[in-house]
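Subject: Structure for your review

Dear colleague,

Please find below the structure for your review. I would be grateful if you could look through it alongside the notes that follow.

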Amino acid sequence: MKKLSARRRHPLAALVVLLLALAATGGLYAAFAPADKAQADVAAQSLAIDEGKKLFAVGCSSCHGLNGQGSSDGPSLVGVGSAAVDFQVGTGRMPAQQPGAQVPRKKTIYSQAEIDQLAAFVSSLGPGPVTPTEEQFTSTNPEDISKGGELFRTNCAQCHNFAGQGGALTKGKYAPSLEGVDAKHIYEAMQTGPQNMPSFPDTTMPEEQKKQIVAFVRHTTNDEPNPGGLTLGSLGPVTEGLFGWIFGLGTLIAVAIWVAAHTTKAKKS
C-alpha cells in the first residue's frame with residue numbers, strides 16, 4: 001500500500017505538464033518565427049534590388065553607368081541613399097530630358113513602387129540618407145509653424161524667398177518655388193541637398209527642426225486665401241512698393257487729368 005501511494009500522481013501534475021508544453025511551444029515559436037520574418041524581409045529586399053537594377057539599366061545607366069559609378073554625363077550615385085532617389089525621381093527631375101544649368105521639376109514617369117525599387121538598388125551601392133517615414137515630416141503641433149518660419153528665414157529665405165516662392169541664382173540657376181511640393185520631398189531636399197542646395201543632415205539640423213520647416217512651408221504655400229489680399233507673388237516690400245507707385249500713382253495722375261479736363265474753365269476753352 002505504501003508503494004502504491006508513493007506512485008500516485010498529484011492531481012495538478014497534468015496541468016503542470018500542459019503548461020510546460022505550451023511554454024515550450026511558445027519558446028520554439030519565439031526562437032524560429034523572428035528568423036522566418038527576417039528571412040522574408042531579406043528576400044523581399046533582394047527582389048526589390050533586382051527589379052530596381054533592371055529599371056536602372058533602362059532609364060538611368062546611360063548617364064550614371066550600369067553600376068551607378070557615374071560618367072561624363074552624370075555623377076556617381078554611390079552613397080546618395082534612397083532619399084535622393086525618391087526626391088529626384090519622385091519630383092520628375094530624373095530621368096532628365098536634356099542637360100542644362102538646372103533640371104526642372106516635371107511629371108513623373110515612374111510609379112511609387114518603381115521608385116522604391118530604384119531606391120533599393122541605389123541604396124545597395126553604398127549607405128546614404130534614408131527615405132523618411134511620414135512621422136518624420138508630418139507635424140501636428142501648431143507651434144511648429146512659427147518655429148519653422150524662424151528656421152526658414154535663417155536658412156532658406158536667401159534663395160527661396162521668405163514665402164517660399166523661389167528666386168534667381170547665378171548662371172541660369174534658380175531656387176524653385178516650394179508651392180505644391182509634397183512634404184516628404186521638402187524633407188528629402190533638406191536631407192540630400194539637390195543641385196545647388198546645401199544639405200542639412202541631422203548633425204547640422206535635427207529632425208525636429210526639419211519637420212518644423214516643412215510645417216511652415218506647407219502652411220505658407222497652401223491654396224487657402226491670403227488674409228492680406230493680393231500676394232503680388234509674395235516677393236516682398238520692394239514689389240509691393242513698386243506696385244503702389246506705378247499703379248497707385250498712375251491712377252491718381254489719370255484721375256487728376258480727368259478732373260482738370262472736366263472743369264468749367266477747360267470746357268470754355
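Of the 269 residues in the protein, 29% are buried. Please bear in mind that this is a predicted model. The accessible surface of the protein amounts to about 17,700 Å², and carbon and sulfur atoms contribute 62% of that area.

As regards secondary structure, the protein contains twelve helices and two strands. Their order along the sequence is α-α-α-α-α-α-α-α-β-β-α-α-α-α. Among the contacts in the protein with a separation of 6 or more, 63% are between residues 24 or more positions apart.

I then turned to the charged side chains. In general, side chains of opposite charge can pair when their charged atoms come close. How many salt bridges does a search of the whole structure find? The search returns three, and I describe each of them below.

The pair D86 and K184

The side chains of D86 and K184 form a salt bridge with an N to O distance of 3.1 Å. D86 belongs to helix α4 (residues 81-90) and K184 to helix α9 (residues 183-192), so this pair ties together parts that are 98 residues apart in sequence. Are these two residues buried or exposed? D86 counts as buried because its relative accessibility is 2%, and K184, at 14%, also counts as buried.

The pair K210 and D202

A salt bridge also joins the side chains of K210 and D202, with 2.7 Å from N to O. K210 has a relative accessibility of 0% and therefore counts as buried.

K54 counts as exposed because its relative accessibility is 52%, the cut-off for exposed being over 50%. E51, with a relative accessibility of 29%, counts as partly exposed.

Yours sincerely

How values were computed: Residues numbered from 1 in each chain as written. Predicted model: local features only at pLDDT ≥ 70, side-chain atom pairs only at ≥ 80, totals over all residues. Heavy atoms only, no water. Salt bridge = Lys/Arg side-chain N within 4 Å of Asp/Glu carboxyl O. Buried < 20%, exposed > 50% of the residue type's maximum accessible area, 1.4 Å probe, protein only. Helix = DSSP H or I, 4+ residues; strand = E, 2+ residues; numbered from the N terminus. Contact = heavy atoms within 4.5 Å. Areas by Shrake-Rupley, 256 points an atom, 1.4 Å probe, with all protein chains shown as cover.
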